[in-house]
Amino acid sequence: MGGQDHTPKRSQDEATDAKVLIHQRGQIKRRVTLINNMLEEAKEDPTKVSQTQLKVFAKKLDVHYQEYSAMHQEILESIPSSKLDEQDKMLTAFDVLHTEAMNTIEKLSEARSQPMAPADSTVTQQFILQQQPLRAPIPSFDGRVENWPKFQTMFEDIVAKGNDSDAMKLHHLDKALVGDASGCITVKMIQDNNFEQTWKQLKSQFENPRVIVDTHLAGLLDLKPVLKGNHKELLELVKTVQRHVGGLEYQDIKIYKLSGHIVITSVPHLNSSQ
């Protein structure tokens, strides 16, 4: 009949849910914006924010990041695919805002930690307000145990052994965990603000030499046949073998001759083409 809304009820409900989620996510961004504004004022007048407040802000920012990420994921699941790019841009803008606030906290905290020059000193105390850049891009970990040793070594060298605060290290670690590993850093871990304990828990979860070795051996034994003359597949095979052999060598397993035997016996097309 004329005048009736023929839009499926489920579609209407999903649209309503998405609007509510987007509104709630916006509230989270407003809280982070408020903190960022207060920090910007503190850069002009450090007395406006105490060291204790800086620590509280850092914890709140990490909690807000967790909340925003979770809310963003729910939004993606409730909107049409045509609007995914638009929402991803919102996430990127929030990430920039959040990182800016975290960096400002680091700068203010570092400035406060500098010793004050004597009042009668002729030497002007210089405060280093810019956070030292990381030596290399922060690696990522996707939750696959065979990739843990490489990630662990790189993350410890770049972040864990650095001079950043626990809040900043946890921030970097949370962003480094992707795929199946995302979500391993809980709100409780962030609130505890204990990077060493959190890192220890992750190591106990993923640092399993037996599983790592078994995974690499299975990868070598499960190599796919390569058709004669297929250069691209051959190169892919070589990279796969190198990755698994390298992973085994990292576990102090020397298999130069064994790896060659595995490749030959597992890829009969290569053997017969000689």
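Two residues are said to be in contact here when they have heavy atoms within 4.5 Å of each other, and helices are DSSP runs of H or I of at least four residues, numbered from the N terminus.

1. This is a predicted model, in which local features need pLDDT of at least 70 and side-chain atom pairs count only at pLDDT 80 or more, while totals for chains, interfaces and linings use all residues. Residues are numbered from 1 along each chain as its sequence is written, and side-chain values use heavy atoms, with hydrogens and water left out.

2. Helix α5, residues 166-176, is mostly covered, since 9 of its 11 residues are buried, where buried means under 20% relative accessible area, exposed over 50% and partly exposed in between, for a 1.4 Å probe and protein chains only. Among the buried residues are Lys169, His171, His172 and Asp174, together with Met168 and Leu170. The cover over the buried residues of α5 includes α2 (51-77), α3 (84-113), α4 (148-160), α6 (187-192) and α7 (195-206).

3. How do α3 and α5 lie against each other? Their axes, which are lines fitted to C-alpha atoms over the stretch in contact, with angles from 0 to 180 degrees between N-to-C directions, come within 10 Å and cross at roughly 155 degrees. That makes α3 roughly antiparallel to α5, because angles over 145 degrees count as roughly antiparallel. On the α3 side the contact is made by Asp95, His98, Thr99, Met102, Asn103 and Glu106, and on the α5 side by Ala167, Met168, His171 and Lys175.

4. A nonpolar core is a set of buried Ala, Val, Leu, Ile, Met, Phe, Trp, Tyr and Cys residues joined through side-chain atoms within 4.5 Å. The largest such core has 25 residues, of which Leu39, Leu54, Phe57, Leu61, Phe94 and Ile105 touch the most other members. Helices α1 (9-44), α2, α3 and α5 each supply at least two residues of this core, and the largest share, 8 residues, comes from α2. Phe57 touches Ile35, Met38, Leu39, Val49 and Ile105, when residues up to four places away in sequence are not counted. Apart from this core lies another, of 21 residues, among them Val145, Leu170, Leu173 and Cys184.

Definitions and conventions
Angles under 35 degrees count as roughly parallel, over 145 as roughly antiparallel, 65 to 115 as roughly perpendicular and the rest as oblique.
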